[in-house]
Amino acid sequence: MNVLELNLLFQHKVSTVERMEKKNWYIIHIKPAKEQVVKAQLSRIGIETFYPKIRVKKGKTEKVEPMFPLYMFAKFSLEKDFINVNYTRGVRRVVRFGENVPSVSEELIQSLKKISGGKLVKEETFKEGETVEIFEGPFRGFIGEVLKAKSGGERVIVLLKAAKI
């Protein structure tokens with residue numbers, strides 16, 4: 001082996017080690033009521049987790065709820081820690097699409113940390129017959145009438161008024 005071959009071999013080994021040590025944020029799907037178990041188990045093996053929560057006002061009471069129920073973020077090396085994370089007690093699976101495991105940017109995690117820092121979000125409750133205006137999405141600007149409020153107050157059926165007479 002000449003010096004050039006040795007140098008290329010060394011660079012390949014270094015880049016492989018760097019790639020194995022590189023940690024990114026990934027999404028893990030967890031079992032119900034297992035947030036603390038998963039956090040403790042992953043912390044024990046040196047993996048940072050983030051389970052964003054937000055304060056929500058429902059009527060006169062305030063409570064803290066998960067921003068993404070049953071989903072947690074974990075920062076780990078895919079090559080080195082995937083199996084340990086995927087088979088941690090309380091974890092259903094690391095979110096993936098076929099063989100592709102999408103990572104989440106550090107910027108998004110930081111933004112979520114700022115948002116989940118105690119902000120109060122008022123949960124809207126709609127009543128049947130109430131007139132509403134849509135502010136976001138493809139129906140922005142439309143006015144409609146609430147036909148039915150679904151259980152939990154999370155969804156409603158709205159009859160849109162598409163034409164003005």
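This is a predicted model: local features need pLDDT of at least 70, side-chain atom pairs count only at pLDDT 80 or more; totals for chains, interfaces and linings use all residues.
Trainee: Thanks! Which residues of helix H2 are buried?

Mentor: Helices (H or I, at least four residues) and strands (E, at least two) are DSSP runs, numbered from the N terminus, and H2 spans residues 35–44. Buried means under 20% relative accessible area, exposed over 50%, and partly exposed in between, with a 1.4 Å probe and protein chains only. By that cut-off, the buried residues of H2 are Glu35, Val38, Gln41 and Leu42.

Trainee: Which elements are included in what covers the buried residues of H2?

Mentor: Contact here means heavy atoms within 4.5 Å. The cover includes both strands and a helix: E1, E2, E5, helix H3 (78–86) and strand E6 (91–94).

Trainee: Which residues have the most contacts inside the largest nonpolar core?

Mentor: A nonpolar core is a set of buried Ala, Val, Leu, Ile, Met, Phe, Trp, Tyr and Cys residues joined through side-chain atoms within 4.5 Å. The largest one has 15 residues, and E1, H2, E5, H3 and E6 each give two or more residues to this core. Those with the most contacts inside it are Ile28, Val38, Leu42, Phe76, Val85 and Val94.

Trainee: Which residues does Phe76 contact, leaving aside its neighbours within four places in sequence?

Mentor: Phe76 is one of the residues with the most contacts inside the largest core. Two others from that group, Val85 and Val94, are also among its partners.

Trainee: Which residues are included in the second, separate core?

Mentor: This second core has six residues. Among them are Trp25, Phe50, Ile109 and Leu112.

Trainee: Let's turn to charges. How many salt bridges does a search of the whole structure find?

Mentor: Side chains of opposite charge can pair when their charged atoms come close. A salt bridge is a side-chain nitrogen of Lys or Arg within 4 Å of a carboxyl oxygen of Asp or Glu. One of them joins the side chains of Glu65 and Lys63 at 3.6 Å, N to O. The search of the whole structure finds three.

Trainee: How many residues apart are Lys113 and Glu48?

Mentor: Lys113 forms a salt bridge with Glu48, with the closest N and O atoms 3.6 Å apart. The pair links distant parts of the chain, with Lys113 in helix H4 (residues 106–115) and Glu48 in strand E2 (residues 48–50). Both are partly exposed, Lys113 at 30% and Glu48 at 38%. Their separation is 65 residues.

Trainee: What is the N to O distance between Glu106 and Lys75?

Mentor: Their side chains meet in a salt bridge. This pair also links distant parts of the chain, Glu106 in helix H4 and Lys75 in strand E5 (residues 71–76). Glu106 is partly exposed at 31%, as is Lys75 at 23%. The distance is 3.2 Å.

Trainee: Is His29 buried or exposed?

Mentor: His29 lies in strand E1 (residues 24–30). Beyond its neighbours within four places in sequence, His29 is in contact with Leu70, Tyr71, Val91, Arg92, Arg93 and Val95. At 11% relative accessibility, His29 counts as buried.

Trainee: Which residue takes a positive phi in the hairpin of E3 and E4?

Mentor: Two strands pair if DSSP finds at least two bridges between them. Six bridges join E3 (residues 53–58) to E4 (residues 61–66), and the strands run antiparallel; Lys57 has Glu62 as its bridge partner in E4. Two residues lie between the strands, and the one with a positive phi, near 65 degrees, is Gly59.

Terms used: Residues are numbered from 1 along each chain as its sequence is written. Side-chain values use heavy atoms; hydrogens and water are left out.
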